[in-house]
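Subject: Structure for your files, with notes on its pockets

Hello,

Here is the structure I said I would pass on. My notes on its pockets follow below it.

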Amino acid sequence: MDLYKRIKEELEQAKKNKVYNNIKILESKQSDMIKVDSKNFINMCSNNYLGYASDPLVIKAVKKSIKKYGVGPGAVRTISGSFDIHDEFEKRLAQFKGFEATLVVQSGFQANTGLIPTITTVDDLIISDQLNHASIIDGVRLSKAQRTVFKHLDMEDLEAVLKENRPNIKGNIFIITDGVFSMDGDIAPLDKINVLAKKYKAYTIVDDAHGEGVIGPQGRGSVAYFGLEGQIDIETGTMSKAFGLVGGFISGKKELIEYLKQNSRVFKFSSSLPQQFAEAGLAVLNQLEKDDSRLKKLWENTKYLQNKFIENGFSIGTTQTPITPLMVGDEATATELTKILFKNNILVSPIIYPTVPKGKARIRLMLSSLHTKQELDKVFDIISTEYRKIIKKQK
Ligand SMILES: Cc1ncc(COP(=O)(O)O)c(C=O)c1O
């Protein structure tokens, strides 16, 4: 079929199925409130967990960096060089995360697609949690290694997969998991994964996108949350969530980072993370180490809103983190509720198929340290009233 005819049909079908994503145009900075269509909304759909996205501290760091280094990085780092701020930030980030070395890349997505195909060979096996992030899935797709999945968080299944495959794999086995799962907010049992990895001589890779800045002492992330510093082999991460910025990173042993600098296609063939983001990342890191009041506020807000839902009989799935999925089931309900909330000046994102399986649609509410109790009360009151109305109408 003609390409544009097919595209048009698919787009029309998505609109008919009420799963078409209308992308909002934002007219103000990322904060607890945000302006859309000249109206102010309570912002419940940003990963700006600690409020750094528009914080004066970060803006100051970016301005300072632009004054000194300009804006563009020039080229890829293997050609035009690394800025000293890249180096400094990488060293500090490695310390913060409890690894020997770190490499910053352009995004968390690039961290996974830059790591996985680079370190795996045709003789290797990758074992991936069934619900891992799209960037891990794409990283695995780019790899020549054999691949399989284990049932989400299911350690019995992981052990069965390891037991079955270990005798047949000539090369290395890699177990890959999100640290915190972005759609459900549950935490991977890294302690148990680490035990199985040691037992079956496998390497561990954790994507800590939603863990860093959110769990563990000072927000050091999933590895520190389990006290597993020095035990997990490799970590990928992002600055697009709690850091409030953009940029990704890969942490591990010194040799691994040296190897990636020589061989990762994401590093070698794509211009570097802009230097001002390294500078801003360093400013956030300093703050995380100095002051955990935002982290405490984030968790206070999380408990406050989540308890309201639980006490009033709503399902928020299996979350253990500020990611709060209000489970509504079918796609159309999620889309309708989102529209009603929009009319009530609350911005949420419906998470629907294909991001999550059919029938597991949800309204994902993202908590931030910036939210006030009044804002959270309003969010709860309107959601509970409007959701009940929809359910009544459907019966
Ligand atoms: C688990 C996970 N990994 C990677 C990413 C990608 O991060 P970035 O937005 O920096 O590309 C995300 C964000 O959506 C994520 O949730």
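The largest pocket has a volume of about 1,400 Å³. Please keep in mind that this is a predicted model.

The lining of this largest pocket is made up of 50 residues, and those nearest its centre are Asn-21, Lys-24, Val-348, Ser-349 and Pro-350. H14 has the largest share, with 4 residues. Sorted by class, the lining has 22 nonpolar, 19 polar and 9 charged residues.

As for where the largest pocket sits, domain 1 (3–49 + 292–394) and domain 2 (56–290) both contribute lining residues, so the pocket lies between them.

The second largest pocket holds about 590 Å³ of space. Its lining has 26 residues, with Gln-130, Leu-131, Asn-132, Thr-355 and Pro-357 nearest the centre. Strand S4 (125–129), helix H6 (134–141) and strand S5 (146–150) are the elements that supply two or more residues to the lining of this pocket. H6 gives the most, 4 residues. At least three of its residues come from each of domain 1 (3–49 + 292–394) and domain 2 (56–290).

Regards

Note on methods. Residues numbered from 1 in each chain as written. Predicted model: local features only at pLDDT ≥ 70, side-chain atom pairs only at ≥ 80, totals over all residues. Heavy atoms only, no water. 1 Å grid on protein atoms, 1.4 Å probe; cavity = no way out; pocket = protein on both sides within 12 Å on 5 of 7 lines; lining within 4 Å. Points joined across faces, edges and corners; volume = space filled by probe spheres on them. Nonpolar A, V, L, I, M, F, W, Y, C, P; charged D, E, K, R; others polar. Domains from an automatic or database assignment.
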